Amino acid sequence: MPTILAIESSCDETSSAVSVDGVIRSNFIANQTVHEKYGGVVPELASRAHLQHIVPVVDAALKEAGVEMRQLDAIAFTQAPGLIGALLVGAQFAKSLALALDIPLIAVHHMQAHVLANLIDDPKPAFPFLCLTVSGGHTQIVRCDAPNRLTVIGETLDDAAGEAFDKSAKILGLPYPGGPLIDKYAKLGDPLKFRFPEPQIPGLNFSFSGLKTAILYFVQEQQTKDPDFLANNMNDVCASIQHRIVSILLNKLEKAAKETGIKNLCIAGGVSANSGLRNALTALGEKKKWNVFIPAFQYCTDNAGMIAITAHYKYLDGDFSGMDVTPSARATW
Ligand code: KG4
Ligand code: ZN
């Protein structure tokens, strides 16, 4: 039943979506190009860009959904985690709108929303399912027993998978964010040409900082021997880096599936847009007879559609926030 307007502003995407009875009717995303020349997201500039984008993005989402403000039953926003100045813009906007329309406010955890992006399109995973959430800030394996019952069973001890992609790309002289570029060049390269080490981390946790150092030393050594090494081997180097990151991720996911006995496997987060990861997970799923779920591209990277679907389930549970709710840069759940 509920018609919900959702806002996502945790990092460098201003996004708004409308859901009607758990169906996403619109999902608008405004990317911020201002960060490109700085080689990473500049928090202050992100906040300012959110302020510029938020009104037109919300307008567009409502129009596309064919929904008027007076038809809304709740306003949802990303509360945490993220850049605090960026989160404040979305939170303040959502609060003002909820107050003006006299409807409930729903605070959403960004990482829960990435997982529940798998509940947007059909076919949807049955509970319980496992989700490998891989983004620029997080790498987690989450057990999901119900929309609002999630447990983190593994996570990175240092860099996130997206950071591993982006920092490797930086070493190769590629612009930020380098993940999609490594993906692009890897398609033309040999993934077994160069062997990068796999860290031996106990349990279901991850570590990517050693891999980053190994790549740095490897590139420095090769470039010293041959200054044209990178220029002549970019595709193979990218394919080999991607192959290693993907194998680290999938080995742990396989271990989690074995330990929990769960055969419904999902991925989420920006890195789940990676074609090497999507292909390898699909192939592994066929071999292991898993039910594999991969969200549509628009719901992998940061988007308000995933905030709307999470808010939908929170609405059904009557899980609303007071007007005194504040965003948080870091948050556990
Ligand atoms: O979920 P997301 O959009 O934002 C965060 O919450 O962090 O994830 C962004 C991350 C970046 O590190 C970006 O390089 C990575 O996702 N990414 C990719 C691909 N597309 C986005 N990494 C590898 N291959 C891709 N195709
Ligand atoms: Zn994210």
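Author: A crossing of two helices is right-handed if the near helix is turned clockwise from the far one by less than a right angle. In this predicted model, helix 4 passes helix 7 in such a right-handed crossing.

Reader: Which residues make the contact of helix 4 with helix 7?

Author: Helix 4 brings Ala161, Ala164, Phe165, Ser168 and Ile171, and helix 7 brings Leu230, Ile241, Gln242, Ile245 and Leu249. These residues divide into 8 nonpolar, 2 polar and no charged.

Reader: Why are helix 4 and helix 7 called roughly antiparallel?

Author: Helix 4 (residues 161-171) and helix 7 (residues 229-260) pack at an angle of about 165 degrees. Angles over 145 degrees count as roughly antiparallel, and helix 4 and helix 7 are therefore roughly antiparallel to each other. Their axes are 11 Å apart.

Reader: Into which domains is the protein divided?

Author: Domain 1 covers 3-115 + 299-317, and domain 2 covers 124-294. The C-alpha centres of the two domains lie 27 Å apart. From domain 1, 14 residues take part in the contact, and from domain 2, 17 residues.

Reader: What area do domain 1 and domain 2 bury between them?

Author: Domain 1 and domain 2 bury about 1300 Å² between them, and 68% of it is on carbon and sulfur atoms.

Reader: Which residues of domain 1 lose the most area to domain 2?

Author: Met111, Val115 and Cys300 do, and together they account for 43% of what the domain 1 side buries.

Methods:
Residues are numbered from 1 along each chain as its sequence is written. Chains are lettered from A and ligands numbered from 1 in the order in which they are written. This is a predicted model: local features need pLDDT of at least 70, side-chain atom pairs count only at pLDDT 80 or more; totals for chains, interfaces and linings use all residues. Side-chain values use heavy atoms; hydrogens and water are left out. Axes are lines fitted to C-alpha atoms, for helices over the stretch in contact, and angles run from 0 to 180 degrees between N-to-C directions. Helices (H or I, at least four residues) and strands (E, at least two) are DSSP runs, numbered from the N terminus. Angles under 35 degrees count as roughly parallel, over 145 as roughly antiparallel, 65 to 115 as roughly perpendicular and the rest as oblique. Contact means heavy atoms within 4.5 Å. Ala, Val, Leu, Ile, Met, Phe, Trp, Tyr, Cys and Pro count as nonpolar, Asp, Glu, Lys and Arg as charged, and the others, Gly among them, as polar. Domain bounds come from an automatic or database domain assignment. Buried area is the accessible area (1.4 Å probe) that two parts lose on being put together, summed over both.
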